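Please look over the sequence and the model first.

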Amino acid sequence: MRLLQEVKSELNRLYIFELEDGLRIESVFYRGDTLCISSQVGCAIGCPFCLSGSKGLVRNLTVEEIYLQYRFLRDKLPIKRIAVAGIGEPLMNYQNVERAFWMFKEEGLKVSFYTTGFPVNRLSDLLRLPHNGITLSVHTVDEEKRKYLLPHAGSLKELLQVLKGGLMGLTKRKRKKVGLAYLLLKGINDSPEELVRFADLVKDLGLSAVLLYYNPTSYGFHELSTQEYERAFLILRSCGIKVTLSTRYRKDRLGGCGTLVVNRSL
Ligand code: SF4
C-alpha cells in the first residue's frame with residue numbers, strides 16, 4: 001500500500017491510497033484534528049445519493065489497510081480522532097474494523113463511527129465498544145423510503161428493535177455518544193411532517209439528531225437552500241431534541257460526506 005496523492009481544498013485534505021492490488025481508496029483530514037478513513041473498497045449498501053458505493057462492493061479492507069491510512073499520515077498531521085466514516089459500511093467488515101479500532105485506541109486516539117446499523121447483530125457489538133461516537137444513518141422514518149435511500153441496509157423496524165435493546169445496556173453517558181443522522185434531500189424527505197416524525201423517534205430513543213446537508217453528486221438528488229436547511233433545523237429543535245448541523249468541513253467539495261470515491265482517476 002502506498003500514499004499516491006494529497007489533494008487540498010480550502011478546508012480539507014484528501015488522501016488517495018493505492019493498495020497492493022492496484023485499487024484506490026481515500027481518506028480525508030478535516031476539522032484540524034480528525035482523519036476520516038475508509039473501511040471497504042466500495043460499499044454494498046448502495047445508497048443512490050452516494051459516490052462511494054456507486055460501483056458496489058469490491059472487497060473488504062484488511063486490518064493493515066485500515067490502520068495504514070492513519071500510519072502513513074500520523075507524522076505529518078495532528079490526528080487526534082479517527083472517524084470510520086469514509087468509503088464502506090464498517091459493520092460489513094466488522095472483524096477487521098474492530099481489530100483496527102483497538103490499534104487506534106492503543107495509540108491514544110478517539111474513534112467514532114458512521115454506520116447504517118447493518119448488519120444489526122454487529123451493531124450490538126459496536127455499541128459495546130469504548131467508542132467516542134456512533135452516528136446511525138436513518139434518513140427517513142418511512143420503511144419504503146428507507147429501502148429506496150439505503151437499499152441494502154435491512155429493515156428499519158429491525159434496526160430500531162436492536163438499537164433499543166442495545167441502548168438499554170448503556171449508561172446515560174454512553175447513550176449521549178449515539179446519534180441518529182438525517183440527510184436532507186430536497187423533495188424526498190424534507191417535509192415538516194416527516195421531520196416531526198423523525199424528531200419523535202429521536203425523542204423516543206433518548207438520543208440526539210445529526211442533520212446532514214447533502215453534498216450534490218451527479219445522481220439527480222438536490223440539496224436544500226441555506227434557508228430551507230435552517231428551517232428544517234428549527235423544526236427539529238422546536239420538537240425539543242438536541243440537533244447537530246453539518247459543519248463546513250462536511251460540506252466541503254473535497255472530502256465532504258458521500259463524495260469519496262473508489263479508484264478516482266488522477
Ligand atoms: S452512504 Fe455510506 S452506506 Fe451508503 S453507499 Fe455510501 S458509503 Fe455505503
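Q: Which residue with a positive phi follows H2?
A: The model is a predicted one. In it, helix H2 covers residues 94-106. The residue that follows H2 with a positive phi, near 80°, is Gly108.

Q: How wide is the arc that the buried residues of H2 cover around the axis?
A: The buried residues in H2 are Tyr94, Val97, Ala100, Phe101 and Phe104. They sit on the same side of H2, because the arc they cover around the axis is only 130°.

Q: Which residues are exposed on the other side of H2?
A: An α-helix has 3.6 residues a turn, so residues three or four places apart point the same way. The buried residues of H2 pack against helix H1 (63-71), strand S7 (81-84), strand S8 (110-115) and helix H3 (120-128). On the other side of H2, the exposed residues are Gln95, Trp102 and Glu106.

Q: Which elements do the buried residues of H7 pack against?
A: Helix H7 runs over residues 192-205. Its buried residues are Leu195, Phe198, Ala199 and Val202. These line one face of the helix, because they fall within an arc of 100° seen down the axis of H7. They pack against strand S10 (178-183), strand S11 (208-212) and helix H8 (226-238).

Q: How many charged residues does the shell around the ligand have?
A: The residues around the ligand include Cys43, Ile45, Gly46, Ser52, Glu89, Thr116 and Gly258. By class, the shell has 5 nonpolar and 6 polar residues, and the number of charged residues is 1.

Q: Is Glu158 buried, exposed or partly exposed?
A: Glu158 belongs to helix H5 (residues 156-168). A residue is buried with 20 or more other C-beta atoms within 10 Å of its own, and exposed with 12 or fewer. Glu158 has 13 C-beta neighbours inside 10 Å, so it counts as partly exposed.

Conventions: Residues numbered from 1 in each chain as written. Predicted model: local features only at pLDDT ≥ 70, side-chain atom pairs only at ≥ 80, totals over all residues. Helix = DSSP H or I, 4+ residues; strand = E, 2+ residues; numbered from the N terminus. Expected span 1.5 Å × (residues − 1). Arc of directions from axis to C-beta. Contact = placed C-beta atoms within 7 Å. Near = placed C-beta within 6 Å. Nonpolar A, V, L, I, M, F, W, Y, C, P; charged D, E, K, R; others polar.
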